[in-house]
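Me: I'm new to this one, so let's go through it in plain questions and answers. Here it is.

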Amino acid sequence: MRLSRTARAVLGGCMALGLAVVYVPLLLVLLNSFNADRSFAWPPSGFTGEWWRRAWRSAGARDALLTSVQAGLAATAVALVLGSLAAFAVHRHRFFGRQTVSFLVVLPIALPGIVTGIALNAAFRTVLEPLGIGFGLFTVVVGHATFCVVVVFNNVAARLRRVAPGTEEASADLGARPPQTFRYVTLPAVRSALVAGGLLAFALSFDEIVVTTFTAGPGTQTLPIWIYSNLSRPNQAPVVNAVAALLIAVSVLPVYIAQRLSSDAAGGRL
């Protein structure tokens, strides 16, 4: 059922109004945060390079950003390997219980973040601490990878389901060895899904505040935790709002690219 031009115009106007109600107050708060005196003076002092240089030197966000980038890259690498292996195993070996494997791999994303964080915290204290391994960047990576592997697995598995079942068999019949089949048949089919899953996993690493809280331990602070802890302080520095806004804006880019790649993998055009 197609809507008339008038109905589409009304619907578009209602959507624009709804977006304005949501985003205009956020924009005002953001602009206000760029002024050290919390005024609405124009232009904001935060629009100058000197304001950013001083804020960057004094805010202590550099270490948190470096930790987040390291954790994000490591967790994405782990997720790409484990998620791909799980998807390939389910696809190539039609063993009994593959639905159970899929369920167990996908389960962590369905649980509330605080439940997964508490579970990981308990596991770390039970297994790692007796071995002399304390909380730190390693446990943060494990916490992030718990969620990221699900993203990669879902992307790759969804793409593999669209691959013709007889393609690999035909390649084997033509004399191709398994490594050649993987390189020339399977890998091109899932390349876009792998890149999309990796981008989404990296973006997700900057958004797991609850999981990071339970897996980082004292002394390890990711950028989202730095933002969250500073937002709760009465004397919060204006730069915190600016960094938070930039993090949201920058995170949109990998998510958008991943969406386009996923569309391309599904048969759309990039």
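Me: Is leucine 223 buried or exposed?
Reply: First, this is a predicted model, where local features need pLDDT of at least 70, side-chain atom pairs count only at pLDDT 80 or more, and totals for chains, interfaces and linings use all residues. Residues are numbered from 1 along each chain as its sequence is written, and side-chain values use heavy atoms, with hydrogens and water left out. Buried means under 20% relative accessible area, exposed over 50%, and partly exposed in between (1.4 Å probe, protein chains only). Leucine 223 has 5% relative accessibility, so it counts as buried.

Me: Which residues does leucine 223 touch, not counting residues up to four places away in sequence?
Reply: Leucine 223 sits in helix α10; helices (H or I, at least four residues) and strands (E, at least two) are DSSP runs, numbered from the N terminus. Touching here is contact, meaning heavy atoms within 4.5 Å. With those sequence neighbours set aside, the list is Ala61, Ala64, Leu65, Ser68, Val243 and Leu247.

Me: How many helices and strands does the protein have?
Reply: Reading along the sequence, you get the pattern α-α-α-α-α-α-α-α-α-α-α. That comes to 11 helices and zero strands.

Me: Why do the buried residues of α9 lie on the same side of it?
Reply: The residues in question are Val211, Thr212, Thr215 and Ala216. The arc is that of the directions from the helix axis to the C-beta atoms. They share a side of α9 because the arc they cover around the axis is only 110°.

Me: Where is threonine 220, and which residues is it in contact with beyond its neighbours within four places in sequence?
Reply: Threonine 220 is in the loop between α9 (209-216) and α10 (223-231). At 18% relative accessibility, threonine 220 counts as buried. Leaving those neighbours aside, its contacts are Thr67, Gly136, Leu137 and Val140.

Me: Which side chains meet in a salt bridge?
Reply: A salt bridge is a side-chain nitrogen of Lys or Arg within 4 Å of a carboxyl oxygen of Asp or Glu. A search of the whole structure finds one. Both partners are partly exposed, with arginine 125 at 44% relative accessibility and glutamate 129 at 36%. The N to O distance is 3.2 Å, and the pair is arginine 125 and glutamate 129.
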